[in-house]
Amino acid sequence: MRIAVVGSGYVGLVAGACLADMGHEVTVVDNDQKKLAALKSGQVPIHEHFLPELLGRHRDQRLTFSDDLQHAVRISSAIFVAVGTPPTDSGDADLSYVESVAREISGAINGYKIVVEKSTVPVYTSEWVRKIILRNGADADSFDVASNPEFLREGTAVTDFLFPDRIVVGADSEPCARVMREIYAPLCDGSYYKRPDAIPQPDRSQIPPPLIVTSTKSAELIKHASNAFLAMKISFINAVASICESVGANVQQVCQGVGTDSRIGPRFLNPGIGYGGSCFPKDLMAFRSVARECGYDFRLLDEVIRINEEQRQRFLRKVRNALWTLRGKRLAVLGLAFKGGTDDIRESPAILLIQSLVQEGCCVTAYDPAAMDRASGVLPPGVQFAKGAYEAATDADALLILTEWEEFATLDLQQVREKLRYPIVIDGRNLYNPEVMASHGLSYYSVGRAPALPEGSPVRSQAANRPRQT
Ligand code: UGA
């Protein structure tokens, strides 16, 4: 099928590349000439596993890039709208890009088309998109609007798209649902997975995925409700981690015990320094705002957001408790991205923490495998960047782990111990076993677990006498 994807951001680009890999003829449309030129010349603007491979495979064949939206609409049966929906000052999603795309699509409709919302949008957006297209002259029976929320995670976006837990299609007419089923047929009938050149199947994926058809409004709500629930799981376990610290329990053991209940599940129960990224913070605000407009005060979401912010403050207190004073302390920071596997620093808890630490007078040397370029534009002047974890650790008063990159979980602890000026590691992502850290001579502070201090550590005897700090 010929498909247009409007917007070459994270979702648009990944969707375009994956739809092409499923066998469709895809035109990705963007009005940013610089971005288009980069994409046409073979550059890959985001750090995403398998994306360079798919773009290389299909560029100039089943996948083309264009700034001509109207032409792309005329030649396509389905138009996926994947433009940005940034938050306004009040937390609502700004839908002006969606509206202007809908207006432009209207003028180019030359036969039955479906317009598919792929961006995360509040409930009722599909109704508005329909109204705007009608207002601008299109015939009522010449198009339908579908909602097809995307559940991909950054860092695993390509495999999440091609091996989804489920495909949700919100369609209010049978012809529209039929087109959507046809688009996803290579995944739902399993034929994609039999191809020798298919992207490798990740662990835990179930193929073929189910396709769930709902009304457009339900599909819009599914997206917001899913993200809000996942964020709630993270805040819940972070709150439990705080209690663990106060009573001397181990959050990892609690997670194991809680997560093995199949009704709860172990995923998204990792405590840390709070969630970040371009989705959860924005979507929670937007969902709260949608609820308020409908007359429901969704206070549970306020609490999820509050716990998330508090989690960063708790981590700062942990750094202070471990180091006593902060002014002039030299800190090695591992991790800048909002999570491992991506170069995205939007709403990254690591960046927010570094800003606070610098404000308190710390000197920071940071290392991240992918996000240093982006971070250098937003971090305060004076933050130094290292070429690797051991260089960052050299002569530091403590090492802080702020992003869950795999390579930070497999450091040579002997080397870390030797490089550091003081053998202190404060881990915001619980990447290490506390006993192992202590046995390597490191004083180790993590989230929801008691500090582990090496035998004979001066702090060990003091810590035993001090009331627990929360
Ligand atoms: C999230 C959702 O997981 C996707 O399903 C959704 O499609 C996407 O938002 C979106 O709406 O576009 P993403 O923001 O890429 O995906 O990242 P996640 O893997 O969900 O992580 C979000 C944040 O939560 C990160 O800062 C991560 O470190 C943190 N996190 C995650 C935890 O602190 N603990 C966990 O157990 C899991």
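## A tour from the ligand to the sheet

Start by selecting E154: one of its backbone N or O atoms lies 2.7 Å from an oxygen atom of the ligand, a polar contact (a pair of N or O atoms within 3.5 Å). This is a predicted model, where local features need pLDDT of at least 70 and side-chain atom pairs count only at pLDDT 80 or more, while totals for chains, interfaces and linings use all residues. Residues are numbered from 1 along each chain as its sequence is written, and side-chain values use heavy atoms, leaving out hydrogens and water.

Next, pick G276, with a backbone N or O atom 3.0 Å from a ligand oxygen, and F338, where that distance is 2.8 Å. The protein buries 93% of the 710 Å² that the ligand exposes when taken alone (Shrake-Rupley method, 1.4 Å probe).

Now show the 20 residues around the ligand, each with a heavy atom within 4 Å of it. F151, L152, E154, K223 and N227 come nearest.

Move on to the open sheet, whose 6 parallel strands run in the order β11-β10-β9-β12-β13-β14 (two strands pair if DSSP finds at least two bridges between them). Its edge strands are β11 (384–385) and β14 (443–445). Finish with helix α13 (residues 299–323), which packs on the sheet and touches β9 (330–334), β12, β13 and β14, contact meaning heavy atoms within 4.5 Å.

Definitions and conventions: A polar contact is a pair of N or O atoms within 3.5 Å; within protein, one must be able to donate a hydrogen and the other to accept it, and residues adjacent in sequence count only if both atoms are side-chain atoms. Helices (H or I, at least four residues) and strands (E, at least two) are DSSP runs, numbered from the N terminus. Axes are lines fitted to C-alpha atoms, for helices over the stretch in contact, and angles run from 0 to 180 degrees between N-to-C directions.
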